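Open the model in your viewer and keep the selection panel at hand. The tour below goes stop by stop.

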Amino acid sequence: MFSNITKDFITRYTFGVKSGSTFYTDSNGRQMMKRTPKINLSRDAHPSFAYENTEPIAANYYPITTAVLIRDDSTQATVLTDRSQGASSPADGVIDVMVHRRSFYDDHWGVEEPLNEPGVDGRGLIVTGTHVVQIGSVKGASERARLGQQCVFHRPEVTVAAFDGNVDEYVRNFETEFAGLKSELPPHAHLLTLAKWEGKRIILRLEHVFQISEDDTVTTPVSVDLRTLFSTINVTAKREVLLSGIRSPRRKKGLRQSHSSPRHTS
């Protein structure tokens with residue numbers, strides 16, 4: 001890292017998956033975007049217009065927040081990440097994930113500065129993270145991937161504090177168990193937000209973690225009874241609002257809502 005040469009560091013996974021020229025990347029942890037140039041199935045083409053690709057590697061990298069996957073008729077391989085990275089599939093059965101890069105010169109593509117992070121000791125920024133690799137049958141792969149995304153992103157944080165005493169004394173003096181829900185949510189429902197809003201009101205956001213048509217079974221609607229959901233909150237009334245929590249959705253006759261991505265309700 002001490003030579004002034006730009007370096008990109010990737011992790012490469014090679015699977016026995018006949019993925020062709022297709023791979024999928026997540027859009028902010030939600031909709032999975034199909035990445036397939038359709039002209040001659042070439043990674044150097046674009047389905048909407050013709051262009052000359054002078055950067056064949058960079059042009060086929062896409063940002064990912066939580067997941068990238070490849071599949072064929074029988075097998076799916078998924079790589080889950082715990083932070084935003086870049087991903088590509090430069091060859092059949094291959095997934096590349098860019099975990100770090102260091103640039104000593106501005107590339108003149110808008111940033112107007114080099115991407116040079118020296119770190120605390122001046123020798124370069126140290127990057128750590130976690131990749132979870134899933135490989136198995138296409139059947140049930142979407143469910144494994146979606147629930148895996150939730151587990152990786154929302155994994156528990158372990159904290160410690162000094163205490164002069166033994167375990168029995170700690171248990172007597174502090175609350176060691178708490179359950180905010182009386183019962184578990186359906187496995188495909190996710191509590192996205194629960195926060196104090198105005199006065200005695202709270203804002204609650206629930207989401208269905210699957211896209212429509214993503215799977216034959218798990219994309220079906222689920223129901224949640226707010227009256228019996230919480231252990232410390234008594235729900236007396238509810239009002240549907242937009243994601244911002246400020247306005248109610250406008251209903252117009254003849255206007256149909258598209259659910260091409262996971263649904264969110266406040």
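Of the 266 residues of the chain, 32% count as buried; buried means under 20% relative accessible area, exposed over 50%, and partly exposed in between, with a 1.4 Å probe and protein chains only. This is a predicted model, in which local features need pLDDT of at least 70 and side-chain atom pairs count only at pLDDT 80 or more, while totals for chains, interfaces and linings use all residues. Residues are numbered from 1 along each chain as its sequence is written, and side-chain values use heavy atoms, with hydrogens and water left out.

**Whole chain**

Show the cartoon. There are two helices and twelve strands. Helices (H or I, at least four residues) and strands (E, at least two) are DSSP runs, numbered from the N terminus. Read from the N terminus, the order is β-β-β-β-β-β-β-β-β-α-α-β-β-β.

Switch to the surface. The chain exposes about 18500 Å², and carbon and sulfur atoms supply 53% of that. Accessible areas come from the Shrake-Rupley method with a 1.4 Å probe; for residues, only the protein chains shown count as cover.

Now consider contacts, meaning heavy atoms within 4.5 Å. Among contacts in the chain with a separation of 6 or more, 60% are between residues 24 or more positions apart.

**The cores**

In soluble globular proteins, nonpolar side chains tend to be buried together. Select Tyr-13, Phe-15, Val-17, Phe-23, Ile-64, Val-68, Ile-70, Ala-77, Val-79, Ala-87, Ile-95 and Val-97. These twelve residues make up the largest nonpolar core. Such a core is a set of buried Ala, Val, Leu, Ile, Met, Phe, Trp, Tyr and Cys residues joined through side-chain atoms within 4.5 Å. Strand S5 (67–71), strand S6 (75–81) and strand S8 (94–102) each supply at least two residues of this core.

Center on Ile-64. Beyond its neighbours within four places in sequence, Ile-64 contacts Thr-25, Asp-26, Thr-81, Arg-83, Ser-84, Gln-85, Gly-86 and Ala-87.

Next, select Leu-185, Leu-204, Leu-226 and Phe-230. They are among the seven residues of a second, separate core.

**Strands S10 and S11**

Select residues 202–208, strand S11. Six of its seven residues are buried. S10 and S11 run antiparallel, joined by seven bridges; two strands pair if DSSP finds at least two bridges between them. Pick Thr-193: its bridge partner in S11 is Arg-205. The hairpin has five residues between the strands, and there Gly-199 takes a positive phi near 60°.

**The loop between S2 and S3**

Jump to Asn-28, in the loop between strand S2 (23–26) and strand S3 (32–35). Its phi is near 55°, a positive value in a residue other than glycine. Is Asn-28 buried or exposed? At 58% relative accessibility, Asn-28 is exposed.

Which residue forms a salt bridge with Arg-30? The partner is Glu-207, with the closest N and O atoms 3.2 Å apart. A salt bridge is a side-chain nitrogen of Lys or Arg within 4 Å of a carboxyl oxygen of Asp or Glu. The pair links distant parts of the chain, since Arg-30 lies in the loop between S2 and S3 and Glu-207 in strand S11, 177 residues apart. Arg-30 is partly exposed at 22% relative accessible area, whereas Glu-207 is buried at 6%.

**A salt-bridge network**

The structure holds seven salt bridges. Select Asp-82, Arg-83 and Arg-155, which are linked in a network of them. Asp-82 pairs with Arg-83, the closest N and O atoms being 3.0 Å apart. Asp-82 is buried, with a relative accessible area of 15%, and Arg-83 is partly exposed at 36%. Arg-155 also meets Asp-82, at 3.4 Å from N to O. Arg-155 lies in the loop between H1 and H2, and Asp-82 in the loop between S6 and strand S7 (85–88), so this pair ties together parts 73 residues apart in sequence. Arg-155 is partly exposed at 40%.

**Last stop: a surface patch**

Select Phe-163, Tyr-170 and Phe-174. Together they form a nonpolar surface patch with about 270 Å² of accessible area. Patches are made of residues with over 30% relative accessible area and no salt bridge: like charges are joined within 9 Å, nonpolar side chains (Val, Leu, Ile, Met, Phe, Trp, Tyr) within 5 Å. Phe-163 sits in the loop between helix H1 (141–153) and helix H2 (167–173). Phe-163 is partly exposed, with a relative accessible area of 31%.
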